[in-house]
Amino acid sequence: MSELEGVLAVYKPAGFTSHDVVAKARRILGMKRIGHTGTLDPQVTGVLPLCLGRATRVVEYIQELPKEYVATLRLGMSSDTEDLTGTITETVDEVHVTEEEILAVLASFKGVISQVPPMYSAVKVDGKRLYELAREGKTVERKSREVEIYEIEMTDMTWEGNHPDITFRVLCSKGTYIRTLCVDIGRALGLPGVMVKLERTMSAGISASHCLSLEDIAAHKEAGTLEDHLIAADEAISHLPKHTVMDEKKKAALQGQRLSSRFIAPEVKTTGQIRLYDLQGLFLGIYELEETGAIAPVKVFAQA
């Protein structure tokens, strides 16, 4: 039996690390070659696309795509981890804030923003992960990084005692820390803030409604219907432009040779990576237009 190949959309439950989900999928599917496309903290739920078999070769392309989250921020409290898994470090007895003020502050975060990675994160400083240093009680200087918020909107506002819980949807670039975004929104309102809940509702164009639970995956594996739920590797990277190579140059393309762009339709006019197919629609691989004008292979998928 050939190895499964494609992208499997998993809904990660709370209490599991992303690596736990990969380990469980390996046991269920009886295969080792599985990679995930973006870590979720253990308490966070939501979309975790897994790349199976040769589809692991597109992990880096899927990771670059925007992600959508629904987060709940509590105003008037803060913690050392920026969420409720940590120790509460500050509490304000009463919060006075209007919906108009919140909406205005949320809108101000749209666009390119600068974030300082939280101490409880997997970012490495001098070869050590920040969360390891944090557990030792250390705080170190972290470089800020730019991320982009494409969309942000409040979806609900409730009160937990004297503290308002603000639920918002955010579409953002790779590398955005939603915990830190919650803290920064609070700071912009002049209040401590802490993330109380987070769900990733979309990743790589895959929504939560299209995901399978680990139990679903086991049932489909048993029934022999799991392949019906896999997304083909080339479909998962459909943000890359699609081009076709003429039959006489197909073999050269599969052998890793550079091609003249005149054998590619439509003509590739801008540098960057493309998906290349033969005239019958077979996905050959990822190629790119070099500055010389030649089309060069990046990752070849089909066999010569």
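Student: Let me start with a helix: what covers the buried residues of α3?

Tutor: First, the ground rules. This is a predicted model, where local features need pLDDT of at least 70 and side-chain atom pairs count only at pLDDT 80 or more, while totals for chains, interfaces and linings use all residues. Residues are numbered from 1 along each chain as its sequence is written, and side-chain values use heavy atoms, with hydrogens and water left out.

Tutor: Now your helix. Helices (H or I, at least four residues) and strands (E, at least two) are DSSP runs, numbered from the N terminus. The cover over the buried residues of α3 includes β4, β10 (145-160), β11 (163-172) and α5 (178-188).

Student: Which residues of α3 are the buried ones?

Tutor: "Buried" means under 20% relative accessible area, "exposed" means over 50%, and "partly exposed" is in between (1.4 Å probe, protein chains only). In helix α3 (residues 99-108), the buried residues are Ile-102, Val-105 and Leu-106. Looking down the axis of α3, they fall within an arc of 100 degrees, so they line one face of the helix. That arc is taken from the directions from the helix axis to the C-beta atoms.

Student: Why would residues a few places apart point the same way?

Tutor: An α-helix has 3.6 residues a turn, so residues three or four places apart point the same way. Here, the face of α3 turned away from the buried side carries the exposed residues Glu-100 and Ser-108.

Student: How do I see what a single residue packs against? Say, what is Ile-152 in contact with?

Tutor: A contact means heavy atoms within 4.5 Å. Ile-152 sits in strand β10 and is buried, at a relative accessible area of 14%. Setting aside neighbours within four places in sequence, Ile-152 is in contact with Leu-106, Phe-168, Arg-169, Val-170, Leu-181 and Ile-185.

Student: Which residues of the largest nonpolar core touch the most other members?

Tutor: A nonpolar core is a set of buried Ala, Val, Leu, Ile, Met, Phe, Trp, Tyr and Cys residues joined through side-chain atoms within 4.5 Å. The largest one has 29 residues, and Leu-75, Phe-168, Val-170, Ile-178, Leu-181 and Ile-185 touch the most other members. At least two residues of this core come from each of β4, α3, β10, β11, α5 and β12 (193-203). Another core lies apart from it, with 22 residues, among them Val-59, Ile-62, Leu-65 and Leu-240.

Student: Is Asp-184 buried or exposed?

Tutor: Asp-184 is buried, with a relative accessible area of 16%. This residue belongs to helix α5. Not counting residues up to four places away in sequence, Asp-184 touches Phe-109 and Gln-115.

Student: How many disulfides are there?

Tutor: A disulfide is a pair of cysteine sulfur atoms within 2.5 Å. A search of the whole structure finds zero. Take Cys-182: its closest cysteine sulfur, in Cys-172, is 11 Å away, too far for a bond. For Cys-211, the closest cysteine sulfur is in Cys-51, at 13 Å, again too far for a bond.

Student: Where does the residue that UniProt lists as "active site" lie?

Tutor: UniProt positions are given in the numbering used here, feature names are shortened, and annotations may be inferred rather than shown by experiment. The unreviewed entry lists Asp-41 for "active site". Asp-41 lies in the loop between β2 (34-36) and β3 (45-52). It is partly exposed, with a relative accessible area of 29%. Leaving aside neighbours within four places in sequence, Asp-41 is in contact with Lys-12, Phe-16 and Arg-179.

Student: Where in the chain is confidence lowest, and where is it highest?

Tutor: The score to check is pLDDT, the predictor's confidence in each residue, from 0 to 100. Where pLDDT is low, the predicted coordinates should not be read in detail. In this chain, confidence is lowest in helix α4 (residues 130-135), at a mean of 60, and highest in strand β4 (residues 67-75), at 98. The chain's mean pLDDT is 91, and 91% of its residues reach 70 or more.
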